[in-house]
Amino acid sequence: MSSNITANWSYPTSVKLGRGRIKELADACKSLGIKKPLLVTDRGLASMAITRNALDILEDAGLGRAIFADVDPNPNEKNLEAGVRAFKEGGHDGVVAFGGGSGLDLGKCVAFMAGQTRPVWDFEDIGDWWTRASLEGIAPIVAVPTTAGTGSEVGRASVITNSETHVKKIIFHPKFLPGVVISDPELTVGMPKIITAGTGMDAFAHCLEAYSSPFYHPMSAGIALEGMRLVKEFLPRAYREGTDLEARANMMAAAAMGAVAFQKGLGAIHALSHPIGAVYNTHHGMTNAVVMPAVLRFNRKAIEEKIGRAAAYLGISGGFDGFYDYVLKLRSELGVPETLSAMGIAADRIDELSAMAIEDPSAGGNPVAMTLENTKTLFRDCF
């Protein structure tokens, strides 16, 4: 396969994958009827060349030059309110969500909340709460990922942290799904090694948990398997050689696949990682990678056969044990801390974290039912 991977997909939305395709940003906006977009990104990306270039492309096409970047690494409702205010005061009619998970999640939520009068927490991913939303005034979204991990560019939800309770809430609506995605691997070339590793392991965790979840969704299971294979083949390459565009493009595909697959469910990796991230502000993907082996051990009796099949597909011998050893090897190759203690977290709040974990929506998809007691044991195992 050459490094010049390009493709146009219309599943699960219109995805334009390939190097240099950021040039199509203005056309993507126009195809959705956007005349005055607001580019939403995070503080770290605001001054970077890739962001300035995107703004140049919009400005040159007569679409103005507007940016909102007051976004925390774990975006919260205060960032959201400020973003909606900027959107309304600027008279915008669409959002370019630009960045990693935080910029994408907040951008999508700004476009959605621009049409709502109720508070954002009324649209948490519970039952059919999403039907409370007013459809009028939800702005169209173009998503431009600059990392290869969360897959938020093809997701129908955003994770927003409640700044008072420090709990991450999943806000869901079908209209969160961007109308056009531009996945240009050249935008991910500047990612530092630690972010390449963390976001790549996030994609792997999405695929692994979706594949392992007990719910029936064969389409998602198939996508999850191939997503894991792409990570296995291309994440070490992208990590070693950041300018390897073939590896970068394949990791963008794997990230999107992880997010499509986890419609089938997530599990304990995410149920543990969300409270840790909310309380200690750790990198989500890196936290996933740290707790992954402990969760595999925890779930072993329920997934042994399934993981054996995955191992065979991935060309790993030795069934579950072979797969487990592969995960350990991959982690050490990517410089992932071995335990939560090694990540700099003290084991003094296990009770509180466990209580948060079993309340996390991801907990329901774990192959082994999570209780307060077995979750405390699992957390201790992660230290």
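Helix α3 covers residues 49-60, so that is 12 residues, and from its first C-alpha to its last it reaches 16 Å, close to the 16 Å expected at 1.5 Å a residue. That expected span is 1.5 Å times one less than the number of residues in the helix. Helices here are DSSP runs of H or I with at least four residues, strands are runs of E with at least two, and both are numbered from the N terminus. Keep in mind that this is a predicted model: local features need pLDDT of at least 70, side-chain atom pairs count only at pLDDT 80 or more, and totals for chains, interfaces and linings use all residues. Residues are numbered from 1 along each chain as its sequence is written, and side-chain values use heavy atoms, with hydrogens and water left out.

Which residues of α3 are buried? They are Thr-51, Ala-54, Leu-55, Ile-57 and Leu-58, and they cover an arc of only 155° around the axis, which puts them on the same side of α3. Buried means under 20% relative accessible area, exposed means over 50%, and partly exposed is in between, using a 1.4 Å probe and protein chains only. The arc is that of the directions from the helix axis to the C-beta atoms. The general rule behind this is simple: an α-helix has 3.6 residues a turn, so residues three or four places apart point the same way.

What do the buried residues of α3 pack against? The list is α1 (25-31), β3 (37-40), α2, β4 and β5 (94-99), where contact means heavy atoms within 4.5 Å. On the face turned away from the buried side, α3 carries the exposed residues Ala-49 and Asp-60. Just after the helix, Gly-62 takes a positive phi of about 80°.

Now for the charged side chains. A salt bridge is a side-chain nitrogen of Lys or Arg within 4 Å of a carboxyl oxygen of Asp or Glu, and by this rule the count comes to 21. One of them joins Glu-24 and Arg-21, at 2.8 Å from N to O. Glu-24 is partly exposed at a relative accessible area of 25%, whereas Arg-21 counts as buried at 11%.

Arg-43 has two such partners to look at. The side chains of Asp-70 and Arg-43 meet in a salt bridge at 2.7 Å, N to O. Asp-70 lies in the loop between β4 (67-68) and α4 (77-89) while Arg-43 is in helix α2 (residues 43-46), so the pair ties together parts that are 27 residues apart in sequence. Asp-72 also meets Arg-43 in a salt bridge, at 2.9 Å, N to O. Asp-72 lies in the loop between β4 and α4 too, so this pair ties together parts that are 29 residues apart in sequence. Salt bridges that share partners join Arg-43, Asp-70 and Asp-72 into one network. As for accessibility, Arg-43 is partly exposed at 42%, Asp-70 is partly exposed at 37%, and Asp-72 is partly exposed at 22%.

Two strands pair if DSSP finds at least two bridges between them. A hairpin of four residues joins β1 to β2, and Trp-9 stands opposite Val-15 in β2.

Finally, the records. UniProt, in an unreviewed entry, places "domain: Alcohol dehydrogenase iron-type/glycerol dehydrogenase GldA" at residues 12-185. That span is 28% helix and 21% strand, with its end C-alpha atoms 19 Å apart. The unreviewed entry also places "domain: Fe-containing alcohol dehydrogenase-like C-terminal" at residues 196-381. Over residues 196-381 the chain is 73% helix and 0% strand, with end C-alpha atoms 26 Å apart. UniProt positions are given in the numbering used here, feature names are shortened, and annotations may be inferred rather than shown by experiment.

One last stop is Ala-221, found in helix α7 (residues 218-240). Ala-221 counts as buried at 16% relative accessibility. Leaving aside neighbours within four places in sequence, Ala-221 is in contact with Tyr-211 and Lys-264. Ala-221 and Ala-261 are 40 residues apart in sequence and 6.6 Å apart in space, C-alpha to C-alpha.
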